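I opened the model to look up a few points and wrote them down in the order I checked them. The entries below follow that order.

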Amino acid sequence: HDIGNTPTPNTIKEWHRTWGPDYRSFEVNGCRMIVINSQLFKDPSRTQENADEQLKWLEKLLQSPAKDSDKKPVHTIAFQHI
């Protein structure tokens with residue numbers, strides 16, 4: 001897999017160095033796109049802190065309004081790879 005089947009602090013750090021954040025969001029025409037590191041959901045055994053951080057970020061994001069509005073996005077689309 002891209003960073004191994006079981007992510008570690010080192011593989012996540014290497015991912016960040018090479019590719020940037022391992023989860024993020026952006027908005028296009030009223031649609032919120034969410035990119036998550038699904039490896040942290042599959043096996044967080046060595047990266048529980050990262051998994052908790054991502055989940056907290058995701059929960060907050062899903063409750064927040066669109067970037068340029070006081071309303072939630074019309075559509076939310078999640079991308080993942082596992």
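Entry 1. I looked up Glu-27 first: this residue is partly exposed, because its relative accessibility is 31%, which lies between the cut-offs of 20% and 50%. The model I am reading is predicted. The side chain of Glu-27 forms a salt bridge with that of Arg-32, at 3.1 Å from N to O. I then checked Arg-32 and found that this residue counts as buried, since its relative accessibility is 3%, and buried means under 20%.

Entry 2. How many salt bridges does a search of the whole structure find? I get 2. Besides the bridge of Glu-27 and Arg-32, I noted one between Arg-17 and Glu-14, with 2.6 Å from N to O. Both Arg-17 and Glu-14 sit in helix α1, which covers residues 9-19. They are 3 residues apart, about one turn of the helix. Arg-17 is exposed, because its relative accessible area is 62%, and exposed means over 50%. Glu-14 is partly exposed at 38%.

Entry 3. I went on to charge in the chain as a whole. I count 11 positive and 11 negative side chains. The centres of these two sets are 2 Å apart.

Entry 4. Which residues make the nonpolar surface patch? I list Phe-26, Val-28, Ile-77 and Phe-79, with an area of about 330 Å². Strands β1 (24-28) and β3 (75-79) each give at least two residues to the patch. Phe-26 lies in β1 and is partly exposed, with a relative accessible area of 39%. Val-28 is also placed in strand β1. Val-28 counts as partly exposed, at 38% relative accessibility. Patch residues need over 30% relative accessible area, so I checked the cut-off: Phe-26 has 39% and Val-28 has 38%.

Entry 5. From Val-28 I took a distance to Pro-44, 16 residues away along the chain. Their C-alpha atoms are 31 Å apart.

Entry 6. I turned to the overall layout. The chain has 3 helices and 3 strands, and along the sequence I read the pattern α-β-β-α-α-β. Along the principal axes, the C-alpha atoms fill a box of roughly 40 × 20 × 20 Å. Taking contacts between residues at least 6 apart in sequence, I find that 59% join residues at least 24 apart.

Entry 7. Last, I looked up burial and surface. Of the 82 residues in the chain, 29% are buried. The chain exposes about 5900 Å². Carbon and sulfur atoms supply 53% of that area.

Terms used:
Residues are numbered from 1 along each chain as its sequence is written. This is a predicted model: local features need pLDDT of at least 70, side-chain atom pairs count only at pLDDT 80 or more; totals for chains, interfaces and linings use all residues. Side-chain values use heavy atoms; hydrogens and water are left out. Patches are made of residues with over 30% relative accessible area and no salt bridge: like charges are joined within 9 Å, nonpolar side chains (Val, Leu, Ile, Met, Phe, Trp, Tyr) within 5 Å. Accessible areas come from the Shrake-Rupley method with a 1.4 Å probe; for residues, only the protein chains shown count as cover. A salt bridge is a side-chain nitrogen of Lys or Arg within 4 Å of a carboxyl oxygen of Asp or Glu. Helices (H or I, at least four residues) and strands (E, at least two) are DSSP runs, numbered from the N terminus. Buried means under 20% relative accessible area, exposed over 50%, partly exposed in between (1.4 Å probe, protein chains only). Contact means heavy atoms within 4.5 Å. Lys and Arg count as positive and Asp and Glu as negative; His and the chain ends are not counted. The place of a charge is taken as NZ of Lys, CZ of Arg, CG of Asp or CD of Glu.
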